[in-house]
Each structure stands twice: as C-alpha cells, then as structure tokens.
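Please work through the exercises below with the sequence and the coordinates at hand, and try each task before reading its solution.

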Amino acid sequence: MPSTQVAVLGECVADAFTTSGALTTDVASTLDDSPTADSPADGSGAGAALVPGGARDELVLRVLPGGGPANTAVALARLGTATRFLGRLSGDSFGALFRAHLGASGVDLTGCVDAAEPSTLAVATLDASGRARYSFHADGAADWAWSAAELTAERIGDVSCLHTGSLALVRAPGAEVVEEALAATATRATISVDPNVRAALVDPAVYRERMPRWCALADMIKLSDDDLEHIHPGEPVEGVCDSWHEAGVRLVVVTLGPLGALVSVGGERATVPTPPTEVVDTVGAGDSFTAGLLHRLRASGLLGGRLDRLDLDLAVDAATFAARVASLTCSVAGANPPWAR
C-alpha cells in the first residue's frame, strides 16, 4: 500500500514579537549616601553616592515557534495528515521550544538532526493590516547546514509527498543539498515548493534565477502575490504561470490575500474566494494554506506521483479548503493553525 505520509523539509524559526514598549526602573543600592570632601555634592567623581537609576527603554519580546516549513508541518498534522518533519534542530532553548511545539501537534520528528549550531531568530513587526515583516538573525544557524550525508533517502523516508521552501532552498551551504534531495525524491513522490521569498535576506534575483529549475523538479508551486511581485515584478500573473507550466510544474497556486487565490492547472485557471474573516494577524496564513492544499490533495488520493490525474475542479476544491484553513489561522494571533475535529 502506498505511503500517505507527507514530509516537510526546512527551517524552524524563533519568531519574536513585541509585547510592550514598557519602561522599567533599575534601582541600584546606595553605597554611600552622603557627600565627602573627596566626593562633591553633585555626585561626580570617585566615591560619589549612587542614586536610583532613571527609567530605561526596554523592548519586551514574546518568542513563538515559527518558520514556514515548520508551520506547514504543524498545520498538516493538526488537520490529520501523517506528517514527517525534516529539520536541523539546535540544542539551544529555541530548539527545545520547536521540538515541544511540533511534537505536541503530532508531527513525526524522527527525521530531524540534532544540530550543534544555534537556532534562527526572526524579529517580527506587524503592520496595521496584521501582516508581519521580519528582520532575521540567521548567519551560521542550524537550519542551513544540511550535508549530503545527513539528507539521505533513508532520512526522508517512504513518503507520498516532499514539501519544502522558504530559506532552506536558497541559504548556503545546504540549499544545493536540498535541491538534490528534491530531484532524487521526485522519482517516487510528489514534490511541492513554496518559495516564501525573504527579500531582506536573499536578493529576489536568486529566486528568479532558480524558479525554472524548481518548476522542473516540482509538481506543485504555491506562493503569494507578494512573492510573485518580488520574483517577477510588474509581470501579469497569468503569463508567469504559463512560463512555469512550460518549465514542468503541473499546479501553480498564487494566494491573493483578501482577494482569494488563483489556481492554474496546466494553463486552465480559476479563482477561489477568501472566506469572510475577522483578521487578527496573517502570521502563518500562507503556511496553513499550503497545508490545507496538501491535505486535501492527499485525501483525494492525488499525492504520490506527478499529479497527472489532477484537473481544475479538483484543484479548486483543494484551494477552497486551503482558504478556509488559512482564514481560521488569521482569526487568532500568531501561527496557530486549526485542529480537525
């Protein structure tokens, strides 16, 4: 019987959000509370009396487990799809947070590497619409150090689909190893890619140069309209989809925020709406959409090959379900996707 497990390959990121701009007071002990001949009354000079310190600015951060691939794995597992995460998890405090979060959501962690390098940290700023913009602290992090000796067919396992994307596909030294793993796995499983462009860390030209190669490897490409604008600024989405189909990918889905999503199957296209949602923030919404898409395709028995049996109606059905999953994620704070009940 073919495997129904989906493997997700990529990074975990410690997402730090501002919780307050509070001022705090740090009061020092008074070692000498009276001036002396050697210490002027103005408090200057050696031996001066120490007085309570003034209020200082303090930025308080709340750290939550994140990272596009990890978010996708969590959302998939919560929907009920058997999910295997392939990540290099640090032994630091953030790594412990990632393990607890993924494990509590039912994600299989037996394919992970115990890494000596530190975790990746991203500091998020939310705009008025709840969209996050990130500053990354990622140099020398565990997530990008994949070696061919680590990312073997045995580690990937017997899976129906391998999904990857985000920084794991573009950050050296591991990006080349990840691409090689996609190529090797494409002979036996569906390949899914979400570029999840991080223009602050990687020049969009890198994505533009690599997209034809990824489209040749992948059966499904999912990305946002923001991603598309970074990769092909000013170009009509339909034309970009057609060029990617010509490069080899069967299914392209472009999420359009409140306008829904464009679904393109071999050049046939349709748009699905976004369900009415009271948006708290959009953190993790795209990752939840990807998870919903893969979950529905798996439930329809379409994963495990080249998506040859996928038609536009089936793709629209999967994208409609994915939009519901994403909207539920937007209705709560942070990357906290829904559970199937």
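## Exercises on a predicted model

Of the 341 residues in the chain, 50% are buried, and the model from which this value was computed is a predicted one.

**Exercise 1.** Describe the chain as a whole by its secondary structure, its contacts and its accessible surface.

*Solution.* Begin with the secondary structure, where the chain shows nine helices and 16 strands. Turn next to the contacts with a separation of 6 or more, of which 76% are between residues 24 or more positions apart. Finally, take the accessible surface, which comes to about 14900 Å² for the chain, with 54% of this area belonging to carbon and sulfur atoms.

**Exercise 2.** Determine whether Leu61 is buried, partly exposed or exposed, and state which surface patch includes this residue.

*Solution.* First locate Leu61, which lies in strand E5, a strand that covers residues 60-66. Leu61 has a relative accessible area of 37%, and because this value lies between the limits of 20% and 50%, the residue counts as partly exposed. Together with Leu59 and Val63, Leu61 then makes a nonpolar surface patch of about 240 Å².

**Exercise 3.** Classify Thr185 as buried or exposed, and list the residues that Thr185 touches beyond four places away in sequence.

*Solution.* Start from the position of Thr185 in helix H4, which comprises residues 175-185. The relative accessible area of Thr185 is 1%, and since buried means under 20%, Thr185 is classed as buried. When residues up to four places away in sequence are not counted, Thr185 touches Ile156, Leu162 and Ile191.

Technical notes
Residues numbered from 1 in each chain as written. Predicted model: local features only at pLDDT ≥ 70, side-chain atom pairs only at ≥ 80, totals over all residues. Heavy atoms only, no water. Helix = DSSP H or I, 4+ residues; strand = E, 2+ residues; numbered from the N terminus. Buried < 20%, exposed > 50% of the residue type's maximum accessible area, 1.4 Å probe, protein only. Contact = heavy atoms within 4.5 Å. Areas by Shrake-Rupley, 256 points an atom, 1.4 Å probe, with all protein chains shown as cover. Patch = residues over 30% accessible without salt bridge, like charges linked within 9 Å, V, L, I, M, F, W, Y side chains within 5 Å. Salt bridge = Lys/Arg side-chain N within 4 Å of Asp/Glu carboxyl O.
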